[in-house]
Amino acid sequence: MEISLFSAAAQGFLNLLEFQILLAMLLGVSIGTFTAVAPQGLGMPLVYAIALPIVIKWKPITGIALLIGASSVSAICAAYLPILFGIPGGSGSQATVLDGYPMGKKGEGRRALGASFMAGGMGCLIGTFTLAAAIPAARPLIYLMGSPELFVVMLWGLSMVAVLAGRRPVKGLIAAAFGLLLATVGQQAQSGVMRFVFDIPYLLDGISISIIALAMFGIPSALDLALTKLGVEQQPVPLKGSLFDGAKDALREWWLVVRCSFVGVWVGIVPGLGSQVVDWLAYGHAAQTCKGGRQTFGQGDVRGVIAPESANDAKDGGDLVTTLLLGFPQGVVTALFIVALLAWGYLPGPEMVKKNPEIIYSIVWLQGISGIIGTLIGFGLAAQLAKLAEVRYSFMVPIMFIFILMGAFSVNRDPADLIVVVAFGLLGYFMRRYGYPRPAMILGLVLGDLMEKYLYRSVASYGFTWLSRPAVIGLLIISTASFLLTLRGRMKANARAKAEAAPASFTGAMARSEDES
Amino acid sequence: MKIDELRPWLTVSASLYTLIVIFATPVYSQTPFYQGKTITIIHGRAPGGSGDLRVRAVIPFLQKYIPGNPSFVHEYMDGGGGRKAANFVFSQARADGLNVGNVGGGVVANAILGEQGVQYDLDKMPFIGSPYSATHYMFVTRRDVGLRNLEKLRGYSGLRIGAQSVGHTNYTLGRIFAAVLGLKDTKYVTGYSIPERDVALMRGEIDAITNSDDFYARNPEWVQKELVDFHIVMEIPKGEKHPLFSKLPEVDTFAKNERTRKLLSMFRLFRLSGSPFILPPATPKDRAEIIKEGLRKAFKDPDFVKEYKKVVGEDPTPLLPDENERAIRDLPRDPETVELFKKFAGAGPLPTL
């Protein structure tokens, strides 16, 4: 007999009221926290891969509690490395570095962490509520977004280069073009042609974006610290204010949190976007829409932390919408989660919505409760971990290099990644030194592959008639308007700067970030 | 006591000591080599995925059946569809019996087809078994397209067939199906992951796909709600009927010549290797044999079947070490079939059969 959704939601909560289940959730939360704070690379896929053979022998809800506890909290606690060390966290927290690290340097590390935890917790809850609300009606949305629509969305994303390049549009375009070029390395899926591989097996699948991002942001920070002795050693983070200032910031910017959370939820729901773009999309949206954002983003604006963190944490809810309600995964972690559900005898998708809605609601509850616990743990541990920023540079630099190299090696356990991380680290250092915006390059790298794929599929399936699809036209209008508004704002700011005979005040997020060194 | 009186005792003592030395040596030499050792499994894939789970389901039983019960650690060397890991196992991994690779079946096809990045020799690399090998591939169209039977399918022009990438198993077989059935003016749309492709089929972005029978666990409503039409099946190995698709015609029945049959045979043998375990070529024979024997016993253990089904979500269809070696040995390698296969796996126009 089918039960009502209300009864299922109640039963889903009652399912959790066992000591063993709460213990499993707390264990998962601890694993997730450790994984988030540990060097990049020890990610959730590996945790899930190791945990799966163990937890599928447990009672279903107990196993689900551990897995969901781990994955939901890992995003919330992912802001430590970007804010305290200037190193991008796992994918989804990379944009946080742009404003989080400058805040840390200005002595607002605690405030940034507080904003991150609060925004992350709120994002997680918004993602969870969306999942709960989507249970009856998610399917049609997913079938509306085909390759043509996704291509336009990617194009829209690429237009963010205009913002990220700041006052150096030519350098921004060069950096973005370099990113697009890097995205072509490896075997092209559409033709099977090897591009820039030179018969080197390492290059067959292209170069890992996470390695490049780690190198481009991690190594320059460490090198700066070592070569200039600036940064945490010379300017110890005063740790003024408190975590609660950041929490208040997030509450004050509640509308930004809501908007960016829905960006995250949407990225989670739409197949193929993934966590690598969520923070950048949210950051770009915030930089474009926040009052004065174009002047302050990249200089340590707390909104530059709130936006990516809320989106990143809300994305998990969106991921679960497709995973649980449609039965297909959005990444390795959700793929493994589906494997676990199958082992317990649940078939994710419409059948599970019909037959086991109480289990879906248990997952919803676990996601929400773990998010709250993760936020509290973040606040509890932040004070201890923030002290890391006071450590002398002579101690910090080697640790940063160890973290970076360990992170790079742990992605694929391939020694060649160490060479790549050093090479791209040096490139990042010189890009930063000569004012080439690194985020524009990363954006080109991330979106290049997706854009090529979606454009190819659109043309192969529909010829050029895809341009006449109503959703494509609608999205094109929105993205063009967004791009033109950005350009207009930029021209006005330039004119104002000239009139005031002051240094150009309009700069994009990345230009600020580049200038800070 | 005189020395002569001691002589018998000395003789007995010396004899006993000699016996102890003689028999003690074999006792020490019988200490299993793998006792207290750690075997590294080098995966040609990222952690997670079904390939990883298949291997992880085998490991507890391999540990049980290798004398000395060694420990296992997993290393992941993703890249080039397993080529990176296969290259490493072939030429760089220490051949001491403590390094074992596990790669996807594409490693076999890439070597035969002479693909870029292959630095291993298929004939020198020991292939020592796979936890799965049997499967079925179907040619599926969306019901909305209106191709309810083979006659309509063959009469239709411009069918859009979706797949992961050029050279992928589903892409290559889709083209083989199209050529064998004589479909008109087919188009190939690639660049999908499996879930994306399934959604694209239902959304109308593509009209047809080729898929192995695991789709049924993913999309049971396709069958229950009759959202798709099934047209043709390829059984691997040949003759193994899937209960759900036993009424579908086997692709071989449409083969008009020996050339086509060789092509189909090559595809089957490529796919039959499943996810094989491999060893560095210089691995000592006795240690290689211990691992092979461990795999043989593991695959035959009834508990393995239960555990595998629980972990992976499907029944195991193991390929024993000797069968795996034979499958590699028997691969057709005549240049004409290889060239033909490469044309089907490539992006060029569809060859005629």
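User: What does A:L181 count as at its relative accessibility?
Analyst: Residues are numbered from 1 along each chain as its sequence is written, and chains are lettered from A and ligands numbered from 1 in the order written. The model is predicted, with local features needing pLDDT of at least 70, side-chain atom pairs counted only at pLDDT 80 or more, and totals for chains, interfaces and linings using all residues, while side-chain values use heavy atoms, without hydrogens and water. Buried means under 20% relative accessible area, exposed over 50% and partly exposed in between, with a 1.4 Å probe and protein chains only. A:L181 lies in helix α11 (residues 169-183) of chain A, and because its relative accessibility is 48%, A:L181 counts as partly exposed.

User: What distance separates the C-alpha atoms of A:L181 and A:G444?
Analyst: A:L181 and A:G444 are 263 residues apart along the chain. The separation of their C-alpha atoms is 8.1 Å.

User: What share of the residues of chain A count as buried?
Analyst: Chain A has 25 helices and two strands; these are DSSP runs numbered from the N terminus, helices being H or I of at least four residues and strands E of at least two. Contact means heavy atoms within 4.5 Å, and among contacts in chain A between residues at least 6 apart in sequence, 80% join residues at least 24 apart. Of the 517 residues of chain A, the buried share is 61%.

User: How many residues of helix α6 of chain A are buried?
Analyst: The buried residues of α6(A) include A:T96, A:L98, A:D99, A:Y101 and A:M103. Just after α6(A), A:G107 takes a positive phi of about 85°. Helix α6 (residues 96-105) of chain A is largely enclosed by the rest of the structure, because the buried count out of its 10 residues is nine.

User: How are α7(A) and α14(A) oriented to each other?
Analyst: The axes of helix α7 (residues 109-134) and helix α14 (residues 254-269) of chain A come within 9 Å and cross at roughly 55°. Axes are lines fitted to C-alpha atoms, for helices over the stretch in contact, and angles run from 0 to 180 degrees between N-to-C directions. Angles under 35 degrees count as roughly parallel, over 145 as roughly antiparallel, 65 to 115 as roughly perpendicular and the rest as oblique. The relation of α7(A) to α14(A) is therefore oblique.

User: Which hand does the crossing of α7(A) and α14(A) have?
Analyst: In α7(A), residues including A:M122, A:G123 and A:I126 meet residues of α14(A), among them A:V258, A:S261 and A:F262. A crossing is left-handed if the near helix is turned anticlockwise from the far one by less than a right angle, and right-handed if clockwise. The crossing of α7(A) and α14(A) is right-handed.

User: What is the strand order of the five-strand open sheet in chain B?
Analyst: Two strands pair if DSSP finds at least two bridges between them. The order is β6-β5-β7-β4-β8.

User: Which residue of β7(B) stands opposite B:V140?
Analyst: Strand β7 (residues 208-212) of chain B is mostly covered, with five of its five residues buried. On one side lie B:A208, B:T210 and B:S212, and on the other B:I209 and B:N211. B:G162 stands opposite B:I209, and opposite B:V140 there is likewise B:I209.

User: At what angle do α6(B) and α10(B) pack?
Analyst: Helix α6 (residues 169-181) and helix α10 (residues 258-272) of chain B have their axes 12 Å apart. Their relation is roughly antiparallel because of the packing angle, and the crossing is left-handed. Residues in the contact include B:L173 and B:I176 of α6(B) and B:L264 and B:F267 of α10(B). The angle is about 160°.

User: Which strands stand at the edges of the four-strand open sheet in chain B?
Analyst: The sheet has the order β2-β1-β3-β9. Two of its strands each have a single partner strand, so one side of each is left without a neighbour in the sheet. One of them, β2(B), is joined to β1 (residues 38-43) by six bridges and runs parallel to it. The edge strands are β2 (71-76) and β9 (277-278) of chain B.
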